[in-house]
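Here are some friendly notes to read alongside the model. Take them in order, and keep the 3D view open as you go.

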Amino acid sequence: MTTIYTNNTQQSTQQVPAIKMRGLIKRYGDVVALDNFNLDVQQGEIFGLLGPNGSGKSTSINCMLSLLGYEKGTVHLFGSKMSESNYALKKLIGVVPQDVAVIDELTVEENINYFCSLYVPNKAERQQLVDEAIEFVQLQDFRKYRPKKLSGGLLRRLNIACGIAHKPKLIFFDEPTVAVDPQSRNSILENIKKLNKQGATIVYTSHYMEEVESICDRILIMDHGRHVALGTPQELKDMSSFGEQIQIETIDLSSQVIQQVEALEDVIDTQYDGVTLQVKCKHGDHNLLSILDVLNRNNASVHRVTTQLPTLNDVFLDLTGKALRD
């Protein structure tokens, strides 16, 4: 069978999944970190893996990479069973960890060369890959710098170059934009999309929901080691407990008027602070008109109206709760 590596707009019907996990169970003593966990990531997509702290994200990734053992289940990458000794498969994988993992005693170029050498023994071939990685993350002017002389954004770019220099087909990005400025963040996200267009499958984890929504084709939300929800960003937002949130600046509404708004069929919740009325509604086409009709019939003054559709963050909190996690 011929497998074609393409981006997400041109899927081959003959492709096996880039990642296929079935029935994974992983325990730490009495704690179940993965509870019969399943996952499918298709070749050529940018796949978001989301969950609160302690949800099992890191454990699932470490199991995929065969860095952790597990009690039960199977992990296949590109149709081959993943194991500690499957070095041919490991060469197809790149990892960009959350914590910058570079060697302080080596320069930018030496760091990239060292990590690339773990996969590419040929010196001439490796030098070309190192040069391409440096150019890709735009570190040409910093080749001879050591990490301690680099800014946070430059360090993140070096971290990426070390993980992708050997041109892996499957790349894991774990919180790659933590503590960087907006320009560096934009550069990192654009580079991830470029890698995807060049054929790489991306698994992306982040707590920045707007990033995940902007670059991911599909997203899995997990919690307590289990699959909670899966879909495109829009499909997940359609799972929200409300359809839109309406804010209306209106002064001195009486409790009777607020009760009339609350009595509307599609209204879920109202909050009023004396200046702004906030109304959460179910999915519907005429929610705003119905609320404004109540206010007009009661001669309420309306100054400003805004509406907001559910965000991915709203869905995440709906599905995983608002309680703080360790």
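1. **Overall make-up.** The protein has eleven helices and 14 strands; helices (H or I, at least four residues) and strands (E, at least two) are DSSP runs, numbered from the N terminus. Please keep in mind that this is a predicted model, in which local features need pLDDT of at least 70 and side-chain atom pairs count only at pLDDT 80 or more, while totals for chains, interfaces and linings use all residues. Residues are numbered from 1 along each chain as its sequence is written, and side-chain values use heavy atoms, with hydrogens and water left out.

2. **Extent and burial.** Along the principal axes, the C-alpha atoms fill a box of roughly 80 × 45 × 40 Å. Of the 326 residues, 44% count as buried. Here buried means under 20% relative accessible area, exposed means over 50%, and partly exposed is in between (1.4 Å probe, protein chains only).

3. **The largest pocket.** What volume does the largest pocket have? Its volume is about 510 Å³. The pocket is lined by 18 residues, and Ile93, Gly94, Val95, Leu118 and Tyr119 are the closest to its centre. Two or more lining residues come from each of α2 (87-90), β6 (93-96) and α5 (152-164). By type, the lining divides into twelve nonpolar, four polar and two charged residues. In this count Ala, Val, Leu, Ile, Met, Phe, Trp, Tyr, Cys and Pro are nonpolar, Asp, Glu, Lys and Arg are charged, and the others, Gly among them, are polar.

4. **How pockets are found.** Rolling a probe the size of a water molecule over the atoms shows where empty space is left. On a 1 Å grid over the protein atoms alone, a pocket is an open set of points where a 1.4 Å probe fits, with protein on both sides within 12 Å along at least five of seven lines; lining residues have an atom within 4 Å of a point. Grid points are joined across faces, edges and corners, and a volume is the space filled by probe spheres set on the points.

5. **The second largest pocket.** This one holds about 380 Å³ of space. Among its 23 lining residues, Lys57, Ser58, Thr59, Ile61 and Asp174 are the closest to the centre. Both α1 (57-64) and β7 (170-174) give two or more residues to the lining, and α1 has the largest share, with five residues. The lining divides into nine nonpolar, ten polar and four charged residues.

6. **Helix α1 itself.** Is α1 largely enclosed or largely open? Six of its eight residues are buried, so α1 is largely enclosed by the rest of the structure. Those buried residues are Lys57, Thr59, Ser60, Ile61, Cys63 and Met64. Just after α1, Ser66 takes a positive phi of about 60°.

7. **Salt bridges.** The whole structure has twelve salt bridges, each a side-chain nitrogen of Lys or Arg within 4 Å of a carboxyl oxygen of Asp or Glu. One of them joins Arg22 and Asp40 at 2.7 Å, N to O. Arg22 sits in strand β1 (residues 19-28) and Asp40 in strand β2 (residues 31-41), 18 residues apart. Arg22 is partly exposed at 30% relative accessibility, and Asp40 is partly exposed at 25%.

8. **A charged network.** Glu109, Asp131, Arg143 and Lys144 are linked in a network of salt bridges. Within it, Lys144 and Glu109 meet at 3.2 Å, N to O. Lys144 is in the loop between α4 (123-136) and α5, and Glu109 is in helix α3 (residues 108-117), 35 residues apart. Lys144 counts as exposed at 63% relative accessibility, whereas Glu109 counts as buried at 13%.

9. **A link from the end segment.** Arg325 and Asp223 form a salt bridge of 2.9 Å, N to O. Arg325 lies in the segment after α11 and Asp223 in strand β9 (residues 218-223), so the pair ties together parts that are 102 residues apart in sequence. Arg325 is partly exposed, at 29%, and Asp223 is buried, at 7%.

10. **A nonpolar patch.** Val228, Met239 and Leu319 make a nonpolar surface patch of about 210 Å². Leu319 belongs to helix α11 (residues 312-320) and is partly exposed at 31% relative accessibility.

How values were computed
Patches are made of residues with over 30% relative accessible area and no salt bridge: like charges are joined within 9 Å, nonpolar side chains (Val, Leu, Ile, Met, Phe, Trp, Tyr) within 5 Å. Accessible areas come from the Shrake-Rupley method with a 1.4 Å probe; for residues, only the protein chains shown count as cover.
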